[in-house]
Amino acid sequence: MYCELTERERAGIINPIFTCQPAGAQYASIGIKECIGIVHGGQGCVMFVRLLFSQHFKESFELASSSLHEDGAVFGALNRVEEAVDVLLMRYPDVKVIPIISTCATEVIGDDIDGVVRKLNAGLLKEKYKDREVHLIPVHTPSFVGSMVTGYDVAVRDFVKYFAKKTEPSAKINLITGWANPGDVRALKHLLAEMQVEANVLFEIETFDSPLMPSGNHVSHGETTIQELSDTANAAATFALNRYEGGKAAEYLRDKFDVPAIIGPSPIGIRNTDTFLKKLSEATGKPIPQSLVRERGIALDAITDVTHMFLADKKVALYGNPDLVISLTQFCLDMEMKPVLLLLGDDNAAYKNDPRLKELEENLDYKLEIVMNADLWELENRIKNEGLEVDLIMGHSKGRFISIDYNIPMVRIGFPVYDRAGMYRHPVVGYEGAMLLAENIANTWFADMEHKHNREPVLNVW
Amino acid sequence: MKETSKERVEQLVDVIMKKCLWQFHSRTWDREKQNENIILKTTQILCDEPVVKETPEEKCYWVDAVWLANAYKEKFPWVTEIDKEDLKQIMRELKERLDFLLITGSLNAELTDPLY
Amino acid sequence: MPYHLFKCSECIPERGKHAVIKGPGETLADALPLGYLNTIPGSISERGCAYCGAKHVIGTPMKDVIHMSHGPVGCTYDTWQTKRYLSDNDNFQLKYTYATDMKEKHIIFGAEKMLKQNIIEAFEAFPAIKRMTIYQTCASALIGDDINAVANKVMKEMPDVDIFVCNSPGFGGPSQSGGHHKINIAWINQKVGTVEPETTSEYMINYVGEYNIQGDQEVMQDYFKRMGIQVLSTFTGNGSYDDLRAMHRAHLNVLECARSAEYICNELRVRYGIPRLDIDGFGFEPLSSSLKKVAMFFGIEERAQAIIDEETARWKPELEWYKARLAGKKVCLWPGGSKLWHWANCIHEEMGVDVVSVYTKFGHQGDMEKGISRCEEGALAIDDPNELEGMEAMEMLEPDIIFTGKRPGEVAKKVRVPYLNAHAYHNGPWKGFEGWVRFARDVYNGIYSPIHKLSLLDISKDEIPVDRGFETQRMLSDVHLSEEIKNSTELREYTGGYDLLKGLKERVYPEFPPKANVALPAV
């Protein structure tokens, strides 16, 4: 067998690929309109996550903390959640949705956030805010379970679980994008528009790329409404593009409301986009229009220019969110490249049974190592000490020093990307995303050829 | 126009507040020590009296005092012009004023915290 | 009453004592904001936690150390690659971070065994590194792991390694400041006095409270070296673990950031009799005074004077070029803790700007005393500001630029106020003479950015100027400037390069013969 599925053998993590669950819940919560999450834990759990978002998006997002201090850690800190909800509601009159996001500290001390939500519903909200629509949603995201990816998955499910109400059946679909960028959401909405399909988009974060306006809007917000979240129960189908980032919500809607769940593929690359459109067409009865045939053609035309001349047989190491890494791997293979190492950065047991990984195991004829529960040292150590040679690294900015120190070109992709400008605007999904991605890979490679004087004259003539 | 001695004290205070850091540590015991030693040595320098600077600690206070004395001489001509006894009186008032602003009249609740 | 209650905070009246406006004739004894109190939950404060104060702010700048956090992965990840503290060993401590990866089973059964395994693995991965700091987190504190015991055990088994343990969980105190203190005290209690230094000069200092943001420490070290002074240790930017264990042998503690590092200096004074000299590395005048004071302590004032003369001659005309163009610009000085008082007075005097507001996210009342003392009348001082108060203050004060953190900077950008990164700088280093000019240049480029000016235009209703194809900063800044200044041949724009540190690395330092007859302060 050429394709090997292994796990990190070391106990510890050297240079993590992911942060922890509460960050994922926070990422989901900023996608909802009129929502400010309260993270129940130490202040760092919010302050740094807000910083991380602002590093990636160059925007500021609102998230609150219950500000757990010493006394709370000893005696319990639910009173601080109560106060936080009240303070937030008093000062932010538009806020309607408040997820209460737990952390390692408050899970260890056993603070009952479900209980405090019941208490607040029966007390504070009834008395002080009786004329106001307020939704408090407990989200359990202990940091010692899973990663930011599972935290996102859990939070999306909890939001859907809280809001979804069966009323009238709708022709709309649910589109759960997974951990996406504004550019991705734009590209996905474009595909849906071309297909004439309407959707409840979870989450509508195109607005994360917010403008500098004369009116001076000062924060960025997602725009998925309570109405859309409620309506998810009535949809014709749920498309959860990423198995591990929204899959749980799709399953919930299927099990509870019989909404068919179509989980995957992440429409990264030509083939995955084809599959997505095919499934979309099946679920909605809408044909794939000529406009998309043409768009696909433009992408294919562009990608053909760079594949067998430049990309063929280039060895790639990839790390990041599992659905992203796996889909990228598939696209790289279609582009004649050779992914040799995939790092999946948490201990999710489901990876072992992922059909996409199985397909790799069954069909590859060269060595590809897939490391689960990995850290970035799994990549660096192989390069530094074990003779791994790669032509290209694909991953987020936290791994940038591997590229710099070992002089390997790197395509920035995933979350977070803070050392290249504007990457959140560039989609990786759909035909447009495939084309941009292929061109980004090629351009990165070209720059490296020049930088290293590695056959760079061949770029003179096309 | 000649300033009152109160105005002169305020002039001297202002230099310390805007330009120095030695007076601002977090506990009363430190502030008392700093105010006392540095103002004493500054007074001695301004009055051309001998300054003890044998130990490292004394030397360190002396360094801040030299700087302060020079700053005073440079900024306020009256410092070198007035009678030494008058200057000493102003410096005593300066010390009192500093102690008030930074210690006895201070609103900083941390000054008396016995722990770090 | 000088206290200021923001409109947005009227519903949380306890905020009323956290802001003051410095009134005419008022002193610190009249009004001082409360400080370092528990944060109001849900207020969207900008504070971090005590873990980050210890690990991220003070601990990690130490350069030749494996920085391991005992807990779930998030604390480690979140405080990694988010600050610009460099080191001259190829930024080892910036590149590598370590988490013990605490999982549910460890919460239930304890994580000491896996901590030990973690320590051994990390040393194996980096065989050249023999020093480690282990940081407690909320999770490991709450389950009660005895990190000290594990560290001691490993040190017994691996005699060539040394481990420092910092127990500062995230919930320990109102802000990151709690962590600053804990790591100060832990270091002096555990590590100072356990190594004897190699002496290369008869004058030795500890440089305390300097974190080498974009190379600040290297700039200051350059001055000290030019004076023949050995920087025995720097706490902690670009600092070496073993050098810091030898802090007890210095003749003088030169203290720069008196909130995060004051306690260790006080203890060094109490325990080892090393005096403490408070200095300022920012601004020509404060820096000159500081260098002179340090030199005077050692009786080598002429060496400091030579540097001051040389640097001032080289850089003052450039500082003045910017000052002439920044005069009267309104600044909100909104950093984390110490910059408010480091900068409040000297940017006013040396860059000509007016500080209309200072704030501190995590500082204490002592920081506010300094900050308020050093700014002019009318300035608004805010303790533990929150999102809405920051907005309200910007609307009220209409600053021309704000100096703050990355994320609040994004808020400012959106309301079309240029921002500079006060924590990590734009084009630093900002310490030193040249650094100060770089700061002035960054302020200038921020305020007079043609793009910034375009952002003020509403093309749907404003008159759109169509008479020009471009503007330059100079076209904007020199509009109201006198001909004399405009055409001055004395003044000039910044002439340094992109990377100031490159020049420092090539410098050859003079050798000073030992000074006979100078009694060295005995320690």
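Predicted model: local features only at pLDDT ≥ 70, side-chain atom pairs only at ≥ 80, totals over all residues.

Trainee: Which residue of β3(C) is the bridge partner of A:Ile14?
Mentor: The partner of A:Ile14 there is C:Tyr98.

Trainee: How many residues of chain C and of chain A are in contact?
Mentor: On the chain C side there are 73 residues, in contact with 78 residues of chain A. The area buried between the two chains is about 6300 Å², and carbon and sulfur atoms give 61% of that.

Trainee: Which residues of chain C lose the most area to chain A?
Mentor: They are C:Pro41, C:Tyr77 and C:Lys414, which together account for 13% of what the chain C side buries.

Trainee: And how many salt bridges are there between chain C and chain A?
Mentor: The count is five. One of the pairs is A:Arg50 with C:Glu387, whose closest N and O atoms are 3.1 Å apart. Polar contacts between these chains amount to 33 residue pairs, with both residues at pLDDT 80 or more.

Trainee: Which elements of chain C give two or more residues to the side that touches chain A?
Mentor: Among them are the helices α1 (50-59), α5 (112-125), α16 (387-397) and α17 (406-414), as well as strand β3 (98-99). The largest share comes from α17(C), with six residues.

Trainee: What is the make-up of that side by residue class?
Mentor: The side of chain C that touches chain A has 31 nonpolar, 22 polar and 20 charged residues.

Trainee: Changing topic to chain A: what is the strand order in its open sheet of four strands?
Mentor: The order is β4-β3-β5-β6, and the pairing is parallel. At the edges are β4 (64-65) and β6 (135-139), each of which pairs on one side only.

Trainee: How many bridges join β3 and β5 of chain A?
Mentor: Three bridges join them, with β3 spanning residues 38-40 and β5 spanning residues 97-102. Opposite A:Ile38 stands A:Ile100 in β5(A).

Trainee: What separates the C-alpha atoms of A:Val74 and A:Cys104?
Mentor: They are separated by 14 Å, and the two residues are 30 residues apart along the chain.

Conventions
Residues numbered from 1 in each chain as written. Chains lettered and ligands numbered in written order. Heavy atoms only, no water. Contact = heavy atoms within 4.5 Å. Buried area = accessible area lost by both parts, 1.4 Å probe. Salt bridge = Lys/Arg side-chain N within 4 Å of Asp/Glu carboxyl O. Polar contact = N/O pair within 3.5 Å; in protein donor to acceptor, adjacent residues only side chain to side chain. Nonpolar A, V, L, I, M, F, W, Y, C, P; charged D, E, K, R; others polar. Pairing = 2+ DSSP bridges.
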